[in-house]
Amino acid sequence: MAITPESPEMRRPGIGQGITVITAGFLPILAIASLFPAVPSIIDHFSADPSASWKVPAMVSAPGLTIAVVALFAGILVDRFGRRRLMLVATLLYAVFGAAPFFLDSLDAIYASRLLLGVSEAVILTTLNTLIGDYWDEKGRRNWLTMQGLAGPFLASGVILASGFLTGLRWNGIFLIYLVAFPIFVAAVKFLYEPQSDATARKMLGIGQEPARTPFPMASVAMIGGVTLFASALYYVFIINGGMAFREVGIQSSQELSKLTFIPSLFVMLGSAIFWATGRARPVVQLGIFLALIGGGLATIGLAPDWRWMIAGLVVQQTGAGMAVPTLIAWAQTKLPFEHRGRGMGVWTACFFFGQFSSPFLVSMFRTQLGAMQAAFLIMGAAGVVGAVAAFLIAVSRRDSGTAAVAAAA
């Protein structure tokens, strides 16, 4: 008997699946956002280790390295072992590897646990993105991704507030926050189900056309990788090093830092709104706006004489951060035909998370050369502004080329 939308064996996703996907999708963000207020306290704990000043920020971003490496291969595991089973195993391992540093007192051991955390994150990200494509059609995917974009800032702000409290209890208390993966695991057990085969899913979603055969767009993918790597390195500057920058203007307490940054972190939602409002503009224009905001915010933090100016810069930076992921994905997808989109977005994912790994090394290098964290912020911010100018110049030149072509045709 043919499977139809009314067939009992064909489950349809509902609110339970949507909420589970939204909350599980927040786990990779939690892995890095939660540690930003805790970095100064962790460096203080390992003050006897002269390499702690760069090892601790590198430890924060270590999951990005393994995500960059593993993400390209995680899809093979998804196809081999199925979506649901792999998702459940990865969520459990996320809780175990994430909370492990609470029981460790060696910086190298903590670094190793963070690398393993990145493996579970890579599998979670790949499995969730696959499930989103399996469960919903284009409209459903857009609706739930929008919900994810709106919920993310609230969850991130709550996590930053909680991380200050946990760090105040104990230098590594923040790592207990990773236990939030256990209730998400329970929700995944209850709501997530293995989708039908790709052929059935494509039939149900009305995607029956055979893709055209075209050469792999190497030049476009190389440009996507380069721009994504550059933008990601800027995106993670404050997330990883913000606590150290605030110390240079006199904010020493993790709890005080969490309170000061709680409201500015909500401006991520304004960035999402700007992305939505500029939806009719060309992707390169949105890319320029994003780089101008995040670069301008970092430069303002770098020049701030006190914590008030630093908060002002953070508001601008967080607005840009809210545009980052949707802008980069939308821009990249305009350059990828359907038949190459999967591999192209695999390169995008690898470059975005390699940017997370490489960002603290760049910042540490500038800090060592210039003698202050704020100086490193200024350099990175200036690089963002230069990137924004380049994007706007490209947009103007393409508009002029289009106008000239229309005039010639007339």
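Predicted model: local features only at pLDDT ≥ 70, side-chain atom pairs only at ≥ 80, totals over all residues.
View 1. The stretch is residues 1-8, where pLDDT stays under 50. For these residues the model has nine contacts beyond four places in sequence.

**View 2. Residues 200-209, another stretch under 50.** Here, too, pLDDT stays under 50. The model has twelve contacts beyond four places in sequence for residues 200-209.

**View 3. Helices H9 and H13, the two ends of the confidence range.** Helix H9 covers residues 198-204 and has the lowest confidence in the protein, at a mean of 48. Helix H13 covers residues 283-303 and has the highest, at 95. The protein as a whole averages a pLDDT of 81. Of its residues, 83% score at least 70.

**View 4. A nonpolar patch on the surface.** Three residues form this patch: Val69, Leu72 and Phe73. Together they have about 300 Å² of accessible area. Leu72 belongs to helix H4, which spans residues 52-81. Is Leu72 buried, partly exposed or exposed? Its relative accessibility is 47%, so Leu72 counts as partly exposed. The partly exposed range runs between the 20% limit for buried and the 50% limit for exposed.

**View 5. Ser120 and its contacts.** Ser120 sits in helix H6, residues 107-135. Why does Ser120 count as buried? Its relative accessibility is 3%, and buried means under 20%. Which residues does Ser120 touch, leaving aside those up to four places away in sequence? They are Ala90, Leu93 and Tyr94.

Conventions:
Residues numbered from 1 in each chain as written. Heavy atoms only, no water. Patch = residues over 30% accessible without salt bridge, like charges linked within 9 Å, V, L, I, M, F, W, Y side chains within 5 Å. Areas by Shrake-Rupley, 256 points an atom, 1.4 Å probe, with all protein chains shown as cover. Salt bridge = Lys/Arg side-chain N within 4 Å of Asp/Glu carboxyl O. Helix = DSSP H or I, 4+ residues; strand = E, 2+ residues; numbered from the N terminus. Buried < 20%, exposed > 50% of the residue type's maximum accessible area, 1.4 Å probe, protein only. Contact = heavy atoms within 4.5 Å. pLDDT = per-residue confidence, 0-100.
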